[in-house]
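Open the model in your viewer and take a walk through it with me.

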Amino acid sequence: AATGAAIGAVGGPVGMAIGGVAGAATGAVAGAAGDAAGEAAEDSFSSYDSDFRTHYETYGTASGYDYDQYTPVYRYGYNLATDPTYRERDWADVEGDARRRWEERNPGTWDRFKDSVRYAWDKARGAI
């Protein structure tokens, strides 16, 4: 995460946020590389790529970030939806905690990304 944030620092605070999220997501994926469950989860996340890409093209292109930089936002929503702690709960019950956790690593950016996090949450839960 620190490496991603350092790389993202070139883009200012939001660049650091995206970089940090990307670094954390990359680290999480790398840490689970040998784990069959981690590989299955990655395959499942990848199955949503077309949906997430379409959503990004409709709503995210004006952000100034490319799709690869935005992917950690969708991954966060997907991970929330598949986490046993959250997957059986309604978004209204989850959003406060999701925001708090997001803001711990990406201060001041929740409002910019929350709709895409929510979209991924809904997609992964089959609510859309």
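**Stop 1: the whole chain**

Before selecting anything, keep in mind that this is a predicted model. Show the protein chain as a cartoon: it has 7 helices and 0 strands. Read from the N terminus, the order of elements is α-α-α-α-α-α-α. Now colour by accessibility: of the 128 residues in the protein chain, 38% count as buried. Contacts also reach along the sequence: among those between residues at least 6 apart, 55% join residues at least 24 apart.

**Stop 2**

Select residues 49-59, which make up helix H4. Which residues of H4 are buried? They are Phe52, His55 and Tyr56. These three span an arc of only 100 degrees around the axis, so they sit on the same side of H4. Next, turn to the face pointing away from that buried side, where you will find the exposed residues Ser50 and Thr58.

**Stop 3: H4 against H7**

The axes of H4 and H7 are 11 Å apart, and the two helices pack at an angle of about 150 degrees. An angle over 145 counts as roughly antiparallel, and H4 and H7 are therefore roughly antiparallel to each other. Their crossing is right-handed. To see the contact, show side chains for Asp51, Phe52 and His55 on H4, and for Asp115, Ser116, Tyr119, Ala120 and Lys123 on H7. By class, the residues of this contact divide into 3 nonpolar, 2 polar and 3 charged.

**Stop 4: Asp51**

Zoom in on Asp51, which belongs to helix H4. Is Asp51 buried, exposed or partly exposed? With a relative accessible area of 28%, Asp51 is partly exposed. Leaving aside residues up to four places away in sequence, Asp51 touches Tyr119 and Lys123.

**Stop 5: Gly60**

Now select Gly60, in the loop between H4 and helix H5 (67-82). Its relative accessibility is 2%, so Gly60 counts as buried. Which residues does Gly60 touch, not counting those up to four places away in sequence? The answer is His55, Tyr65 and Tyr70. His55 is also one of the buried residues of H4. Look across to Ser116 as well: from C-alpha to C-alpha, Gly60 and Ser116 are 8.2 Å apart in space, while 56 residues separate them in sequence.

**Stop 6: H5 against H7**

On the H5 side, select Tyr70, Val73, Tyr74, Tyr76, Gly77, Tyr78, Leu80 and Ala81. On the H7 side, select Trp110, Arg112, Phe113, Ser116, Val117, Tyr119, Ala120, Trp121, Ala124 and Arg125. Sorted by class, this contact has 14 nonpolar, 2 polar and 2 charged residues. Tyr70 was among the residues touched by Gly60 at the previous stop.

**Stop 7: H6 against H7**

From H6, the contact is made by Trp91, Val94, Glu95, Ala98, Arg99, Trp102 and Glu103. From H7, the partners are Trp110, Asp111, Phe113, Lys114, Val117, Arg118 and Trp121. How do these residues divide by class? There are 8 nonpolar, no polar and 6 charged.

**Looking back**

Key
Residues numbered from 1 in each chain as written. Predicted model: local features only at pLDDT ≥ 70, side-chain atom pairs only at ≥ 80, totals over all residues. Heavy atoms only, no water. Buried < 20%, exposed > 50% of the residue type's maximum accessible area, 1.4 Å probe, protein only. Helix = DSSP H or I, 4+ residues; strand = E, 2+ residues; numbered from the N terminus. Arc of directions from axis to C-beta. Contact = heavy atoms within 4.5 Å. Nonpolar A, V, L, I, M, F, W, Y, C, P; charged D, E, K, R; others polar. Axes fitted to C-alpha atoms, helices over the stretch in contact; angles between N-to-C directions. Parallel < 35°, antiparallel > 145°, perpendicular 65-115°, else oblique. Left-handed = near helix turned anticlockwise from the far one by under 90°.
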